[in-house]
Amino acid sequence: MALSQDEREQFLAEPHIAALSVSAGDKRGPLSVPIWYQYTPGGDLWFTTGAGSRKHKLIEAAGFVTLMVERVEPTVRYVAVDGPVLRIEPGTDEQLVEMTKRYLAPDKVEGYLEFARREHGESVAVFLKPEHWLSSDLGSL
């Protein structure tokens, strides 16, 4: 059963790990990787990635991406969204902190932030306008 607009937006706003897909060019399937993201119902979606990374370059070239999130309990449910990249800008430490707090338990946040600041290098924030939605709740299977 397809989800209502409110149901799909609320589900997407939960801290799921998304599968991000972006065109990888001719004679290649799309690059598909897991990613943390942030979304507020009715707003734009954003995520960060390494500045100059293959993912960053492909997103810039394509100008369009797809994200899909799913769960299996208490029912099988998914939401897939795609849309244009609105902008790509330098990532900030505030974004890193916000995303880390969204996904990790409070006692893991500081350790991860220390690691990420030391090891990840510069990032970019990618902002996406969700335009096309696919969703379903398949019930208990």
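Predicted model: local features only at pLDDT ≥ 70, side-chain atom pairs only at ≥ 80, totals over all residues.
Student: With which residue does Glu-89 form a salt bridge?

Tutor: Side chains of opposite charge can pair when their charged atoms come close. The term salt bridge requires a side-chain nitrogen of Lys or Arg within 4 Å of a carboxyl oxygen of Asp or Glu. The partner of Glu-89 is Arg-87, and their closest N and O atoms are 3.1 Å apart. Arg-87 counts as partly exposed because its relative accessibility is 39%.

Student: What is the N to O distance in the salt bridge of Asp-137 and Arg-71, and where in the chain do the two lie?

Tutor: The distance from N to O is 3.6 Å. Arg-71 belongs to strand S5 (residues 64-71) and Asp-137 to strand S8 (residues 132-139), so this pair links distant parts of the chain, 66 residues apart. As for the element names, helices (H or I, at least four residues) and strands (E, at least two) are DSSP runs, numbered from the N terminus.

Student: What is the N to O distance in the salt bridge of Asp-137 and Arg-77?

Tutor: Here the distance is 2.8 Å, N to O. Arg-77 lies in strand S6 (residues 76-90) and Asp-137 in strand S8, so the pair ties together parts that are 60 residues apart in sequence. The two side chains are also joined by a polar contact of 2.8 Å. That term denotes a pair of N or O atoms within 3.5 Å; within protein, one must be able to donate a hydrogen and the other to accept it, and residues adjacent in sequence count only if both atoms are side-chain atoms.

Student: Are Asp-137 and Arg-77 buried or exposed?

Tutor: Both residues are buried. Asp-137 falls into this class because its relative accessibility is 14%, and Arg-77 does so with a relative accessible area of 16%.

Student: Which residues does Asp-137 touch, and which does Arg-77 touch?

Tutor: Touching is a matter of contact, that is, heavy atoms within 4.5 Å. Leaving aside residues up to four places away in sequence, Asp-137 touches Met-1, Leu-3, Arg-71, Thr-75, Val-76 and Arg-77. With the neighbours up to four places away again set aside, the residues touched by Arg-77 include Leu-3, Phe-11, Val-69 and Ser-136.

Student: How many residues line the largest pocket, and about what space lies in it?

Tutor: Rolling a probe the size of a water molecule over the atoms shows where empty space is left. On a 1 Å grid over the protein atoms alone, a cavity is a set of points where a 1.4 Å probe fits but cannot get out; a pocket is an open set with protein on both sides within 12 Å along at least five of seven lines, and lining residues have an atom within 4 Å of a point. Grid points are joined across faces, edges and corners, and a volume is the space filled by probe spheres set on the points. The largest pocket has about 510 Å³ of space. Its lining has 21 residues, of which Thr-48, Thr-49, Leu-96, His-120 and Ser-123 lie nearest the centre.

Student: Which element supplies the largest share of the lining of the largest pocket?

Tutor: Helix H3 does, with four residues. Strand S2 (31-35), strand S4 (45-50), helix H3 (93-103) and helix H4 (106-119) each contribute at least two residues to the lining.

Student: Where is Trp-46 placed, and what does it count as?

Tutor: Trp-46 is placed in strand S4. With 9% relative accessibility, Trp-46 counts as buried.

Definitions and conventions: Residues numbered from 1 in each chain as written. Heavy atoms only, no water. Buried < 20%, exposed > 50% of the residue type's maximum accessible area, 1.4 Å probe, protein only.
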